[in-house]
Amino acid sequence: MTCIADANVLFPLLVQGHAAYETAKRWWDEQPDGTVGTCLITRLAVLRLLTNRVAMNGAPVRPEEALDAWGRLSNDPRSFHIDSNPAEHESRFVALVTSREPTPNLWADAWLAALAVSLDYEVTTFDRGFKSFRGLKLRLLEVR
């Protein structure tokens, strides 16, 4: 199944000491070529995390190193970039955020969920909050 990988799956792939590295790596190694979608929102989130002192346990990488790490991931044959949004993406996004309680994590998650639903892709994530989005095909990974 074609999926969109959440940043919380992609980030650990690039940080070997991360608690979720082994689970993310096992999942990544099982993916066939051309089946793991990335998009601008996941790219920016991963770059932000790689250069964040707290997320990187006090050792953030320089921007050029973060870009190199992203380049290795995005150039891997398993991944492909989703360059544009389907026409129905905006209306799905609005429907997913309407009548929700305010939370800072809502926006990016709803945008990603709307993209996946519009494209009929699965979202692969560690974030159980995605279960709240109706109509979303979801693969939840668990750190073991």
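Pro77 lies in the loop between helix α4 and strand β3 (79–81), where helices (H or I, at least four residues) and strands (E, at least two) are DSSP runs numbered from the N terminus. The structure is a predicted model, in which local features need pLDDT of at least 70 and side-chain atom pairs count only at pLDDT 80 or more, while totals for chains, interfaces and linings use all residues. Residues are numbered from 1 along each chain as its sequence is written, and side-chain values use heavy atoms, with hydrogens and water left out.

- Leaving aside residues up to four places away in sequence, Pro77 touches Asp33 and Gly34, contact being taken as heavy atoms within 4.5 Å.
- Pro77 and Glu65 are 12 residues apart in sequence, and from C-alpha to C-alpha they are 21 Å apart in space.

**Helices α3 and α4**

- Two packed helices are described by the angle between their axes and the distance between the axes.
- For helix α3 (residues 40–50) and helix α4 (residues 63–74), the axes come within 9 Å and cross at roughly 135 degrees; such axes are lines fitted to C-alpha atoms, for helices over the stretch in contact, and angles run from 0 to 180 degrees between N-to-C directions.
- That angle makes α3 oblique to α4, given that angles under 35 degrees count as roughly parallel, over 145 as roughly antiparallel, 65 to 115 as roughly perpendicular and the rest as oblique.
- On the α3 side, the contact is made by Thr42, Arg43, Val46, Leu47 and Leu50, and on the α4 side by Ala66, Leu67, Ala69 and Trp70.
- Sorted by class, the contact of α3 with α4 has seven nonpolar, one polar and one charged residues, where Ala, Val, Leu, Ile, Met, Phe, Trp, Tyr, Cys and Pro count as nonpolar, Asp, Glu, Lys and Arg as charged, and the others, Gly among them, as polar.

- In helix α5 (residues 89–97), His89, Phe93, Leu96 and Val97 are buried, with buried meaning under 20% relative accessible area, exposed over 50%, and partly exposed in between (1.4 Å probe, protein chains only).
- Seen down the axis of α5, these buried residues fall within an arc of 90 degrees, so they line one face of the helix; the arc is that of the directions from the helix axis to the C-beta atoms.
- Ser91 and Ala95 are exposed on the other side of α5, while the buried residues of α5 pack against α6 (106–119).
- The axes of α5 and α6 come within 8 Å and cross at roughly 135 degrees, and the two helices are therefore oblique to each other.
- The crossing of α5 and α6 is right-handed, and the residues in contact include Arg92 and Phe93 of α5 and Trp107 and Trp111 of α6.
- By class, this contact of α5 with α6 has 11 nonpolar, two polar and one charged residues.

**Positive phi in two loop residues**

- Ser99, in the loop between α5 and α6, has a positive phi of about 70 degrees although it is not a glycine.
- Ser99 is exposed, with a relative accessible area of 77%.
- Asp120, in the loop between α6 and β4 (122–125), is likewise a residue other than glycine with a positive phi, near 60 degrees.
- Asp120 is partly exposed, its relative accessible area being 48%.

Note on methods. A crossing is left-handed if the near helix is turned anticlockwise from the far one by less than a right angle, and right-handed if clockwise.
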